[in-house]
Amino acid sequence: MGTTETGILSGRLSPVEYEKNFSDLHPPLDEHEALVASDRCYFCYDAPCMTACPTSIDIPLFIRQISTGNPIGSANTIFDQNILGGMCARVCPTETLCEQACVRNEAEHRPVEIGRLQRYATDIAMRENRQFYQRAEPTGKSVAVIGAGPAGLACAHRLAVKGHDVVIYDAREKAGGLNEYGIATYKAVDDFAQAEVDYVLAIGGIEIRNNQMLGRDFSLNDLLAKHDAVFLGLGLAGVNALRAEGETAEGVEDAVDFIAALRQSATKADIAIGRRVVVLGGGMTAVDAAVQAKLLGAEEVTICYRRGKEHMNASEFEQDLAAAKGVTIRHWLQPKRIIARDGKVAGIELDYTTIADGRLTTTGETGVLTADHVLKAIGQTFEADGLGIITLQSGRIVVDAEGRTSLDRVWAGGDCVLGGEDLTVSAVAQGRDAAESINHVLAAASRPAVAVA
Amino acid sequence: MADLRNNFVGIKSPNPFWLASAPPTDKAYNVERAFKAGWGGVVWKTLGEEGPPVVNVNGPRYGAIWGADRRLLGLNNIELITDRDLYTNLREMKQVKMNWPDRALIASIMVPCEENAWKSILPLVEETGADGIELNFGCPHGMSERGMGAAVGQVPEYIEMVVRWCKQYTRMPVITKLTPNITDVRKPARAAKSGGTDAVSLINTINSITSVNLDTFSPEPSIDGKGSHGGYCGPAVKPIALNMVAEIARDPETYGLPISGIGGITTWRDAAEFLVLGAGNVQVCTAAMTYGFKIVEEMITGLSAWMDTKGHRTLDDICGRAVPNVSDWQYLNLNYIAKARIDQDACIKCGRCHIACEDTSHQAITQYVDGKRHFEVMEDECVGCNLCVNVCPVQDCITMVGLEPGVLDERTGKAVDPNYANWTTHPNNPMARQAAE
């Protein structure tokens, strides 16, 4: 590996090492591998995997279609339920969803590789640009979607299928939301997020307006005046503060910004990383940041989480991945103070924690880790600027089962709503279902009233 | 250690595993390798009459069907009898027999249905020292168009006639190989016996088209865009072969006629099934063509281990043991009542038993119990059909359990009758023999 010089530096590795480190985490299955893998599916009745999928993809059917040499039909089955099935195949924590439910676990502790099979089928269909949906006759209705992330794209696509015109407003340069900015690079290589956006938009009737931020460039009322309905797929734009002394020292960075910068870098050689990196947090973002810090050439990377292993939001698979890449995960440590030297991070002082009387508390013992780079992955928050009087709870938008908010003609889905699982696949399900609800309302409104005799 | 030595119509071999007449036995090179691998005997690939040998197609000769993970289940071929010169074959046979005196070497023969043709080839074969001959009345493709192979095997009178010639013109034991492409396999077997055959061997391959190319609309294997039916073999044909062997074994007219069992034998277990159904030994081809000659080691050790476990010392202890249990449907005990039972610890909850029963059978397996995914047999609906056992992916998860006499059958509301009763006396049978009044 490259340099071990202290400080936050770019170019720690050779181009070959960057290339190798940031290649596909799970290489795609080739045809033979896909046939072997698909043979293992039992075609269960009322399959547990399907029930476990937030978008209810007909998994036994799509796998059977692969096994019979019909990957295009398989992709159609997947996209019927989840138009972002390509990305979900890459980023879904399948080990806690469909693959955890697979009955093969009972028999031989090894599930059918549902995620990789889904990628196999969707890759073929997308590579051949096979489109399965046509727009219905134009309805003349217009819907605004705020946020071009998974929820917004899924909602927009389903609305377009129904014949409505859709305008997506997104605050960023590029569409895709977390798919573009928030996914670890090795999970979605080759600019897949943009290719998927193009694939979704190919249905027609969807316009994306970039660099349009709610609360800065327009308000919710502006959109309600121009459109028949609005869907909020805002995601979580804010990040939690550390609330520890010295947070402003040079070298303390939000993990989401670090991950986004990595995703936007072509070579990764321009992304600077410390020699000794401490990542604070216990979720997927913490693991994504820590693993990529290591892959960028950091000598030591330590995840510090304030609770135990069993409390971590990162899945078992993600934790194992981090360990395999050389990341140390330490539990029951909470940041107390960033130690700065000449304004730059030199270390971090941590409180040991425990649970007493059901509450997390410090034990009084402290420790210090040497660090020149601290990445904060301690949770994101919803920013409600520009939404007006919409009902929130615990800082998220309250919706009903169909995705309706407290405001008339306003629906919401994805990470910004209360009770979400903060998963791409859940966001897709909520966007899709909200679109069905919106369509239902718009269609009812456009039907001529029938006189009752 | 079980004694696997085999004596089939006086032909001795160290084990009952012979290679069937087919490509693996076409020349000395292959047969030498087979004997080195441990095969007890070979039936040399079919010899034709003197003169220019037959020619084979120069495109693909085989078609196949596969199971999971491309495991070969059925193979078909359009290859003909040996396409090598008769004297080359005879010379090699003689040498191989000299090299391997303890192994069985049988010559398969197919010549035109004329007395002279048989009369002239038999002494040539005898001179090689071969242990016996097998009459190829089975090949269903190519040669049958020329009045040989299955074209003879489908006419019992021809079989009897040719067998009689062979018994007249050679001292070698005669094994008559039968085609399955016939309505009642007992007819040709009886004819062979009438002609004086020492044994029958079966089955030869089954007329088949394994698949069709959906781009070119040509059957596979495709020769320049056309295909013809081939002979089907491999694991898929085993059930058909077992039945035909059993039919001959239990036919009063052929009872006791030695049978060399052939058809999809892949493991020791398959071989044992043929032996207990009345075969005196077995012949193997497709399994060797799929995996090579080494599989005979698995067959020998597997059969031996099973015999040891069960206390069977020689092949005579097992041959034909299942024949008395092969019956006609009308004699099956209608008072025997079995119910499926699902081992809940082994169940992986795939739901296939439920949907098979629900959609296609008797609606006798639950999907939910107390709101939970739970598959359980409802004995008041279960007719004991065994479909759930067969579709369950977990071995021994679902088993059929016979009800003890006197136990209530919840489906009929009646206690299980301890007495044997079959269809011939059943009140619903209009042909039932009436008790004397």
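## A tour of the two chains

Gln283(B) is found in strand S16 (residues 281-284) of chain B; helices (H or I, at least four residues) and strands (E, at least two) are DSSP runs, numbered from the N terminus. Before going further, please note that this is a predicted model, in which local features need pLDDT of at least 70 and side-chain atom pairs count only at pLDDT 80 or more, while totals for chains, interfaces and linings use all residues. Residues are numbered from 1 along each chain as its sequence is written, and chains are lettered from A and ligands numbered from 1 in the order in which they are written.

Is Gln283(B) buried or exposed? Gln283(B) is buried, because 29 other C-beta atoms lie within 10 Å. For this label, a residue is buried if 20 or more other C-beta atoms lie within 10 Å of its own, exposed if 12 or fewer, and partly exposed in between, with C-beta atoms placed from the backbone. Leaving aside neighbours within four places in sequence, Gln283(B) is in contact with Trp18(B), Leu19(B), Ala20(B), Val43(B), Ser201(B), Ser260(B) and Ile262(B). Here, two residues are in contact if their C-beta atoms, placed from the backbone, lie within 7 Å. Ser327(B), 44 residues away along the chain, has its C-alpha atom 25 Å from that of Gln283(B).

Stepping back to the whole of chain B, we find 12 helices and 22 strands. The C-alpha atoms of chain B fill a box of roughly 75 × 65 × 45 Å, taken along the principal axes. Of the 437 residues in chain B, 45% are buried. Among the contacts in chain B with a separation of 6 or more, 70% are between residues 24 or more positions apart. The domain assignment of chain B gives domain 1 (6-325) and domain 2 (329-425), with C-alpha centres 40 Å apart; such bounds come from an automatic or database domain assignment.

Now for chain A, where there is an open sheet to explore. Five strands form this sheet in the order S6-S13-S7-S8-S9 (chain A), and the pairing is parallel. S6 and strand S9 (328-330) of chain A stand at the edges with a single partner strand each, so one side of each is left without a neighbour in the sheet. From one strand to the next, the twist averages 25 degrees. Two strands pair if DSSP finds at least two bridges between them, and the table lists three of these pairings.

| Strand | Partner | Bridges and sense |
|---|---|---|
| S6 (residues 252-254) of chain A | S13(A) | three bridges, parallel |
| S7 (residues 276-280) of chain A | S13(A) | four bridges, parallel |
| S7(A) | S8 (residues 300-304) of chain A | five bridges, parallel |

Leu280(A) stands opposite Lys376(A) in S13(A), and Val279(A) stands opposite Ile303(A) in S8(A). Along strand S13 (residues 373-376) of chain A, His373(A) and Leu375(A) point one way, Val374(A) and Lys376(A) point the other way, and all are buried. H14(A) lies across S6, S7 and S13 of chain A, running at about 70 degrees to S6(A); axes are lines fitted to C-alpha atoms, for helices over the stretch in contact, and angles run from 0 to 180 degrees between N-to-C directions.

Which residues have the most contacts inside the largest nonpolar core? They are Ile59(A), Phe231(A), Val279(A), Ala289(A), Ala290(A) and Ala293(A), in a core of 149 residues. A nonpolar core is a set of buried Ala, Val, Leu, Ile, Met, Phe, Trp, Tyr and Cys residues joined through C-beta atoms within 7 Å. Leaving aside neighbours within four places in sequence, the contacts of Val279(A) include Ala255(A), Ala286(A), Val301(A), Ile303(A) and Leu375(A). A second, separate core of 96 residues includes Leu135(B), Cys166(B), Ile203(B) and Ile295(B).

Finally, here is how the parts meet. The domain assignment of chain A gives domain 1 (15-22 + 241-380), domain 2 (40-127) and domain 3 (142-237 + 383-446). In chain A, 10 residues of domain 1 are in contact with eight residues of domain 3. H14(A) gives the largest share of the side of domain 1 of chain A that touches domain 3 of chain A, five residues. The contact between the chains takes 10 residues from chain A and 12 residues from chain B.
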